[in-house]
Amino acid sequence: MQQSIIETRTGDAPAGEAVVELVDLRKSYGTGPSAVQILDGVNFEVRRGEFVCVVGPSGSGKTTLLKCIAGLLKPSGGRTDFEGQEVTEPPAKLAVVFQDYSRSLLPWMTVRANIALPLRNKFPKQERQARIDEALESVGLAGKGHLYPWQMSGGMQQRAAIARGLAYQPDVLLMDEPFAAVDAQTRIDLEDLVLEVRDRYDTTVLFVTHDIDEAVYLADRVIVLSGAPTTVSHNITVDLPHPRHQVDTKREPRFAELRAFVFEQIQAAKSNTVRNRADA
Amino acid sequence: MTLSVADSAPQRPAGRRRSLAPGLGALPLRRLRWRGAATVAVLLLAWEGASRTGLLPAASMPPASQVLSAWAAFAADAAFWTAVGYTLSSALTGLGLVVLVAVPLALAIGLSRAVRESTWFIIEFLKPIPPVAMIPLGLLLWGPSETMKLALIAFGALWPFLTQMVYGIGQVDHVALDMARSYRLRGWLTASRVVVPGLLPFAATGLRVSASIALVVSVVTELIGGAAGLGREIVIAQSAGNLPGMYALILTTGVLGLLINGAFAAAERPLLFWHPSQRKDTQA
């Protein structure tokens, strides 16, 4: 019923050059009759400068999808392109922020050294230091670089992980449920931080989350995944004004509408998944 | 998970998030020292009393004071220090051999399923054989020599370190590895900054256990196999009826064990300052 007021795009390409493009992406684990099809022909693209959120019910292969885009997993079929090149290894202009910051940050290195590590073969020493300082400053960790990750709160650790991604100066920042492990208040702060640094660094962001509010609040476009085996069920343009504001944006009737729509799609996908599993 | 070789319940060096029981290292050192010293003093006094009152047969168990004075006399005895040197240097050399053998072996077992599956049986078969049982073979091959000693020390002390290393390789954090790959870190950077530091806690635990075993086997090969060192001195003292001297030598082996353990624990601290078992100021 709300379908009519939500613009879901399928064919017509939006303006801007595609930086990430998924073409009939498929991934299955195992072989023979025990093989499990996770991704079953996923198609969407991310244009330069866009903030795209991918949401889907749990078990819909969000992390698998992200790993294929990052070049960490080889697809079983179809392909993902990064800036026009087929992804066969992790692309140089892409950085990943992992959900589990306590494991992606190395505890034996200071925050500064953690951020410096990926820059070692990329930039000369002088430039490295400047980039690290800027990245720390932009995530609100100026002067905290000498700390070890375990001396920081969870929110600060994820800020450090974001700073590592930013200092790398990628064209695309890939974020895998980055705020799933922090408390609600910290989460709100970090959401606004991501919007802020996205403007400052002018990066394209592909953000995977299971949180519908978060997706609608952050995104220019929300990709809704179906349940496994996964395809794109909806591709929704979020026509909320910029800059976003935690209170004002969320108070808008349009926010509630979009939120409700995405929620319904995910509920439908969930019951489909149950049905598919029962059939199998 | 690569528990196939390591199924004799390898010690995980203190879980990442919580340790159920504090290790000895977590106790305040000062309290440990005072209580420990007091216990030793009480035991020595009890020994002295029991031996003097005839509760312990004085013929086989001379009073503690006699043993301690024999011990004090050793301090000025060059032969004693030579024996200590033999025992200690073979234990440490044997431990070096263990590292040389175990590191490539653990890498092969940890990284290759084929190697893991083809070595599992032979390793599980060799592991429970007491090194003492290999002494006759060692004597046949090399006689009561340093070579015999080192071979048996290496054989006995190999397993804890090897098991921990294999386990550690299986535990290398895949999120950290994904991070390294996604940032396109070169192979040597991934190895030196991501993999090796993550292996250190396992290596340290394994090495500490292996070091204690190396010392034990070193003394045993001297005692039974007749190689030069504290063990042989114990046999000589016993057959000469020098019981205070014999007990003083036995106490020496205990002190050496304590020192080796302490030395390894002290060496771990600066290397593993970041590990939950070592660090003091966690905020998160």
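Let's start with contact: two residues are in contact if their C-beta atoms, placed from the backbone, lie within 7 Å. What we have here is a predicted model, where local features need pLDDT of at least 70, side-chain atom pairs count only at pLDDT 80 or more, and totals for chains, interfaces and linings use all residues. Residues are numbered from 1 along each chain as its sequence is written, while chains are lettered from A and ligands numbered from 1 in the order in which they are written.

Okay, chain A. Its domain assignment, which is automatic or taken from a database, gives domain 1 (17–93 + 171–261) and domain 2 (106–169). Their C-alpha centres are 24 Å apart. How many residues of domain 1 of chain A are in contact with domain 2 of chain A? There are 12, and they meet 7 residues of domain 2. On the domain 1 side, helix α6 (residues 184–201) of chain A gives the largest share, 7 residues. A word on helices: they are DSSP runs of H or I with at least four residues, strands are runs of E with at least two, and both are numbered from the N terminus.

Next, the inside. A residue is buried if 20 or more other C-beta atoms lie within 10 Å of its own, exposed if 12 or fewer, and partly exposed in between, again with C-beta atoms placed from the backbone. A nonpolar core is a set of buried Ala, Val, Leu, Ile, Met, Phe, Trp, Tyr and Cys residues joined through C-beta atoms within 7 Å. The largest one has 86 residues, and Val55(A), Ala163(A), Leu174(A), Leu206(A), Val222(A) and Val262(A) have the most contacts inside it. Its largest share, 7 residues, comes from α5(A). Why does this core lie between domain 1 and domain 2 of chain A? Because both domains give residues to it.

Take Leu174(A) as a close-up. Leaving out residues up to four places away in sequence, Leu174(A) touches Leu66(A), Ile69(A), Ala70(A), Leu94(A), Ala95(A), Val96(A) and Leu206(A). Apart from this core there is another, of 49 residues, including Leu199(B) and Val217(B).

Leu66(A) and Ile69(A) are also among the buried residues of α1(A). In that helix, residues 62–69 of chain A, 7 of the 8 residues are buried, so it is largely enclosed by the rest of the structure.

Most residues other than glycine have a negative phi, and most peptide bonds are trans. Asp24(A), not a glycine, has a positive phi of about 50°; you'll find Asp24(A) in strand β1 (residues 18–29) of chain A. Gln169(A), also not a glycine, has a positive phi of about 50°, and sits in the loop between α5 and β7 (172–176) of chain A. Is Gln169(A) buried or partly exposed? Partly exposed, with 16 C-beta neighbours inside 10 Å. And the bond from His242(A) to Pro243(A) is cis, with omega near -10°; Pro243(A) is in the loop between β10 (232–237) and α8 (248–251) of chain A.

On to chain B. It has 10 helices and 0 strands, and 34% of its 284 residues count as buried. Look at helix α10 (residues 243–271) of chain B: its 29 residues reach 43 Å from first C-alpha to last, close to the 42 Å expected, where the expected span is 1.5 Å times one less than the number of residues. Its buried residues, among them Tyr247(B) and Glu268(B), pack against α2 (64–74), α3 (78–111), α8 (187–225) and α9 (230–239) of chain B.

How do the chains meet? 24 residues of chain A are in contact with 21 residues of chain B. On the chain A side, α2 (101–104) and α5 (154–167) are the elements that give two or more residues. By class, that side has 15 nonpolar, 6 polar and 3 charged residues.

Last, the UniProt record. Its positions are in the numbering used here, its feature names are shortened, and annotations may be inferred rather than shown by experiment. An unreviewed entry puts "domain: ABC transporter" at residues 20–252 of chain A, a span that is 32% helix and 26% strand. For chain B, an unreviewed entry gives "domain: ABC transmembrane type-1" at residues 84–268, and that stretch is 86% helix and 0% strand.

Definitions and conventions: Ala, Val, Leu, Ile, Met, Phe, Trp, Tyr, Cys and Pro count as nonpolar, Asp, Glu, Lys and Arg as charged, and the others, Gly among them, as polar.
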